Amino acid sequence: MITFEKVGVQYDGAPAPVLTGVDLTIAEGELALVVGRTGSGKSTLLRAINGLVPHFSGGTLTGRVTVDGRDTRDHRPRDLADVVGYVGQDPMAGFVTDTVEDELAYGMESLGLSPAVMRKRVEETLDLLALAHLRERPLAGLSGGEQQRAAIGSVLTTHPRILVLDEPTSALDPVASEEVLATLQRLVHDLGLTVVLAEHRLERVVQYADRVVLVNGTGVVSGSPAEVLADAPVAPPVVELGRVAGWKPLPLSVRDARRQAGDLRAALADLQPPSRTPEAGELVVRVEHLAASYARVPALQGVSTTLARGEIVALMGRNGAGKSTLLNVMVGSKRVTSGTVIVDGLDPRALKPAQLLHHVGLVPQTPGDLLYAATVADECAAADRVIRRPPPGTPARDGAAEPGTTLELFDRLSPDVDPETHPRDLSEGQRLTLALAIVLAAKPPVLLLDEPTRGLDYTAKHRLVEILRDLAAEGHAVMLATHDVELVAEVAHRVLVIAEGELVADGPIADVVVASPAFAPQVAKVLAPQRWLTPTEVAVALADSRIPR
Amino acid sequence: MHPHHRITHPRALHPGAWWLWAIGLSAAASRTQNPVPLLLILAVGGFVVAARRSTAPWAHSYGAFLKLAILVVVVRILFQALLSTGSQGPTILFTLPSAPMPDGSGLKLGGVVTLEAVLRALYEGLQFAVIICCVGAANALGSARRLLRSVPGALYEVGVACVIALTVAPQLVTDAQRIRAAHRLRGSSTRGPRGLGRVAMPVLEGALEHSVDLAAAMDSRGYGRTFDATRTSRRITTGLMFGGLLGVCVGVYGLLDGTTSSWFGLPMLCAGSVLAAAGIVLGGRRSGRSRYRSDPWALPEWLVVASGVVPAVAMFVNVDVAPEQLYLASVVMTPPVPALACLGILVAALPAVLAPPQPVLVAESHPAEPALEVVG
């Protein structure tokens, strides 16, 4: 169905090619998962399938890409619209019209299909993707999962044989991404569509894949998931657990692993999972009976909790449950209708911006929002200047931020980045660490992060985990709002679950997540009712137990 | 008879019909400063909106237009009564402390405020306000967005650009708010020119990225695939369209202005319409696009358009026959009632019955079980 023959891609002005010598065949009806580090060329590979590379992006493509017998050399993306449906990273960015029904019809209108055919296909697609009750709704008002389904529907109406998706679940909560992945699986199994998708969070998808394509640096390795993942640098926790336990073949899903895990559970039965409780530090955040709303939509309803130095707290819940609102309240960006917020002994809303950053820092969902300068060095220098300027009414701080403090910090978090790089040219992970460095430069005792793992690959995520642990050890209180259950399993001491603006769970991580169907990490699902959370914990415990005491 | 032709069959009327109806009413309003027909037009417009608007969000925009209209009147009165010397009359209402202004500038600051000036400003402002309300009524009854869906094929690209602009503009505002909030976290101010730059840079970069993404999405969904026009045929179409639209504009100006000679208006309008129609037909032929569920144009649409044309015609005839009823000789006299024009305007209230009622949406149904067998 899709063939790459000795394909190489080099963008204009780039020092090195993105892809070289790619030979790849994806057969009809396969679900192929494209994995690899950020910047490894996953998106380029996907966009080459429908000719966006090189027709739209520019650059040079050598070799040959054929899709359903059509050579992308002489077929522009628009000429492949009836063969390949392409859904980009952000569904909202790809919508041309403003209601679900019109969006489904848009592609067919461009192809000039007759009104009768269009009407029939729109109705069929609305049913296929369970969108019928949303047909008249404006696209901007849909939830993330619904938007992604509408985007898939909008390319399905032209009846393509291939569906290409670039990180379809990166912005979705666990339940909404299940919904999208279940839809994709149904399309593969019931309609025989060929689906190619890129995804960072392997643990969500790999069990559904027929083929994994690992893009590493320049070339690709392609094969069955177990083969490719056996020694891939990126692997979901269940595969890592399989490696630790020495299972063959490697399990790809919780179900596979659970069926092989009897012996492992027996071996672990007498061992204690390591304690996650940090040393009790000074309380730096106290919120009581918080309520906040947008117009007449309540966002928080009576939330009370605390945050202590040295603690990492994960804030989980559906999209729109109130996670971001809670973080915004804690930095004083959002007014509360009732309740108290005390951060580092002060009311954040009463603080001037220049004072605020010495008490609490927030890395927003899009770290790029914080950045405006033309180079990383300028960005860091600007941050130093703001911190050096003493807040009105307080004595000047001595040596709080010598010139170069922020840059030094950034270099520690994200080594080997040229300070003259434009912030937009950084990878997602580097941009996040730059925002983190800017926020941390003022040494706030409280650090808040909103969805920090969006767009991060496994390597960047490991780095983030190390950074967060170091920060907590240095006495920062850290709270992160996230959908990433595996990240939470790695770092969190305590988990808050928020639903419809109310706190529905607040406790040590193991108590909250182990029995939860949505928030339990894979290892916990495999080893329940034992309270192990990560493959590393299991590996360390097993290694210790083998040393005779 | 097809249900589309019934005036009792619930459906949304073609937005074009509402806009033409509103244009008719505004044309009538543009030819008079007599408050009697003007207020009548306002009442008729509001009545039809109340009777036939839908539950969609844009239907609530009428209130905003009404507020804007009131603002226009108030500003007009303030400026004319307080600043202009030319419009003052003999009936002094009150005298304000005044500041001297150069002689012969026609301006004053404070000083005497006369009844004549206030009334004249009120009537002139009212005329403009009524036209604003007509636009508001059209927007509330047939949204501008839905109207853009029905643009002819020759104007398709312009229509798409407008739709995208309508979507992106509110998004820019949200982006700017988000980025301002983020800058507070950095301790940097967002006031002054430097602050503006700090907010504007990320917003513009974001908008640029958004448009590149959108272009990629449109390209991969087949946008522009069916255009097989040659350069010459494209040029001819563009020429016809521009010439036609120019003719229409000049013609409309000639008709509504009333001071230009009559050969200028109607013939120009006709010639322009013919040219534009030719352009639309020619351009429509070259694009191979089809249209999904285009709004039908049936009997109720014709009736609504007709009831919009009647007040305009009645007003024009009335201006010819008895201009003194529509342009008052003195603003302080009791305004006369122009019978013909008022009857015409009352006809414009008929769409409250002639337009089909708005369909009531069935209460939010549950998501349908996915039916797989139907796709094949």
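In β12 of chain A, A:Pro298 is the bridge partner of A:Ser293. This is a predicted model.

- Strands β11 (residues 283-294) and β12 (residues 297-308) of chain A pair in the antiparallel sense, over nine bridges.
- The two strands β11(A) and β12(A) form a hairpin, with two residues between them.
- A:Ala295 sits in that turn and has a positive phi of about 50°.
- β11(A) also pairs with strand β14 (residues 338-343) of chain A; the two run antiparallel and are joined by five bridges.
- Here A:Val287 stands opposite A:Val341 in β14(A).

**The six-stranded sheet**

- Six strands of chain A make an open sheet with mixed pairing. Their order is β15-β16-β17-β13-β18-β19.
- β15 (360-363) and β19 (502-508) of chain A are the edge strands, and each pairs on one side only.
- From one strand to the next, the twist averages 15°.
- Within the sheet, β13 (residues 312-316) and β17 (residues 477-481) of chain A pair in the parallel sense over four bridges.
- A:Ala314 stands opposite A:Leu480 in β17(A).

**Helices on the sheet**

- Helix α18 (residues 458-473) of chain A packs on the sheet and touches β13, β16 and β17 of chain A. Its direction makes about 125° with that of β13(A).
- Helix α13 (residues 323-330) of chain A lies across β13, β15, β16 (446-450), β17 and β18 (494-499) of chain A. Helix α13(A) runs at about 150° to β16(A).

**The α17-α18 pair**

- Two packed helices are described by the angle between their axes and the distance between the axes.
- Helix α17 (residues 428-440) of chain A packs with α18(A) at an angle of about 15°, and their axes are 10 Å apart.
- α17(A) and α18(A) are therefore roughly parallel to each other.
- The crossing of α17(A) and α18(A) is left-handed.
- From α17(A), the contact uses A:Gly429, A:Leu432, A:Thr433, A:Leu436 and A:Leu440. They meet A:Ala460, A:Leu464, A:Ile467 and A:Leu471 in α18(A).
- The residues of this contact divide into seven nonpolar, two polar and no charged.

**Confidence in chain B**

- Chain B averages a pLDDT of 83, and 91% of the residues score at least 70.
- Over residues 363-376 of chain B, pLDDT stays under 50. For this stretch the model has 21 contacts beyond four places in sequence.

Terms used. Residues are numbered from 1 along each chain as its sequence is written. Chains are lettered from A and ligands numbered from 1 in the order in which they are written. This is a predicted model: local features need pLDDT of at least 70, side-chain atom pairs count only at pLDDT 80 or more; totals for chains, interfaces and linings use all residues. Side-chain values use heavy atoms; hydrogens and water are left out. Two strands pair if DSSP finds at least two bridges between them. Axes are lines fitted to C-alpha atoms, for helices over the stretch in contact, and angles run from 0 to 180 degrees between N-to-C directions. Contact means heavy atoms within 4.5 Å. pLDDT is the predictor's confidence in each residue, from 0 to 100. Angles under 35 degrees count as roughly parallel, over 145 as roughly antiparallel, 65 to 115 as roughly perpendicular and the rest as oblique. A crossing is left-handed if the near helix is turned anticlockwise from the far one by less than a right angle, and right-handed if clockwise. Ala, Val, Leu, Ile, Met, Phe, Trp, Tyr, Cys and Pro count as nonpolar, Asp, Glu, Lys and Arg as charged, and the others, Gly among them, as polar.
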